Structures are given as C-alpha cells and as structure tokens.
Amino acid sequence: MDDAHLQYFFNEIAVQLNQRVEGMNGVVAPTDSRWREDIQLYEEGDVENADRVKVDYEIEQRRKRTHQESTGEIWKPNFFFEKPHPFLRDQSGEAMKQWCLVEGEKGYWERRNRGDWNDLPNLWGPFEENQ
C-alpha cells in the first residue's frame, strides 16, 4: 500500500497487520480482530456504516455481559491464563500477575493446525437473539 502512512497515520507494516488475505478463513481464529466488519468499513472510508456496526458490537457485548452477571458465569480467556509472576512484586509484596499463552491441545497454535475453532464465542456477528 503506497499511501499507508495516510491510513490513520499507520506505517505500512501496521496496515498490513490488519489486512485479510485469501486463505485466512478457517485458519485464523474467528475471534481475530481482522474479522471485524467495522474496522474494514473504516478502512474503506465508510464511517457511517462503520459506526453503526461498532454500536451493534457494543450492544451485543453489553447483552452478553449482563447475561454473564445474571447467571454468575465467569468469563475466561481462550488462549491465555494468568499466574503469579515468579519475581515481580507489587508494593504490598504480593506477586504480580503475568499472562501466559495456553499451550497444548487447547492452545492457539494446536487449534490453528487442526482448524478447531468450534467452541469460540461469536464476537463479530451476525448476532442471534438467543446466543
């Protein structure tokens, strides 16, 4: 992209990181932000529709959050877990937390190799009333 610096003042590598390319479907997790329709619309200059889609995402996120809170469901990341840092401490002496990549059968790279995304949440729509 010759004018990458004009796209939100991103340099060329930043613009390329968000690009979708042929062959990604089924390989990259459906939770990947490259599947966000609002971002694509912004990049195409369709700000009005991008804003509408973004609001739809936010409404759905609030609906899911309300449901989780009402049922006591605790959200858990799919590809990361938190554990105490081995040597970093906060002011009270407690071990600080660090995020680690899930490995093995449930890890991102193993799942990607298998194309196994069936139990991931639908983040980018289309949304159904009973999800």
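At 52% relative accessibility, W109 counts as exposed, because the cut-off for that class is over 50%. The model is a predicted one. W109 sits in helix α4, which covers residues 108-114, and belongs to a nonpolar surface patch.

**Surface patch**
- The patch consists of F80, W99, L101 and W109, which together have about 480 Å² of accessible area.
- In soluble globular proteins, nonpolar side chains tend to be buried together.
- The accessible surface of the protein comes to about 10200 Å², and carbon and sulfur atoms account for 52% of that surface.

**Nonpolar core**
- The largest nonpolar core contains 13 residues.
- V28, A29, W35, F79, Y108, W117 and L120 have the most contacts inside this core.
- Helix α3 (residues 47-71) contributes the most to this core, with three residues.
- Apart from its neighbours within four places in sequence, L120 is in contact with A29, P30, T31, N78, F79 and R111.
- Of the 131 residues of the protein, 22% count as buried.

**Fold and dimensions**
- The protein has four helices and two strands, and their order along the sequence is α-α-α-β-β-α.
- The radius of gyration is 18 Å, whereas a compact globule of 131 residues would have one near 14 Å.
- The C-alpha trace spans about 50 × 40 × 35 Å along its principal axes.
- Among contacts between residues at least 6 apart in sequence, 36% join residues at least 24 apart.

Note on methods. Residues numbered from 1 in each chain as written. Predicted model: local features only at pLDDT ≥ 70, side-chain atom pairs only at ≥ 80, totals over all residues. Heavy atoms only, no water. Patch = residues over 30% accessible without salt bridge, like charges linked within 9 Å, V, L, I, M, F, W, Y side chains within 5 Å. Areas by Shrake-Rupley, 256 points an atom, 1.4 Å probe, with all protein chains shown as cover. Salt bridge = Lys/Arg side-chain N within 4 Å of Asp/Glu carboxyl O. Buried < 20%, exposed > 50% of the residue type's maximum accessible area, 1.4 Å probe, protein only. Core = buried A, V, L, I, M, F, W, Y, C linked by side-chain atoms within 4.5 Å. Contact = heavy atoms within 4.5 Å. Rg over C-alpha atoms; globule rule 2.2 N^0.38 Å.
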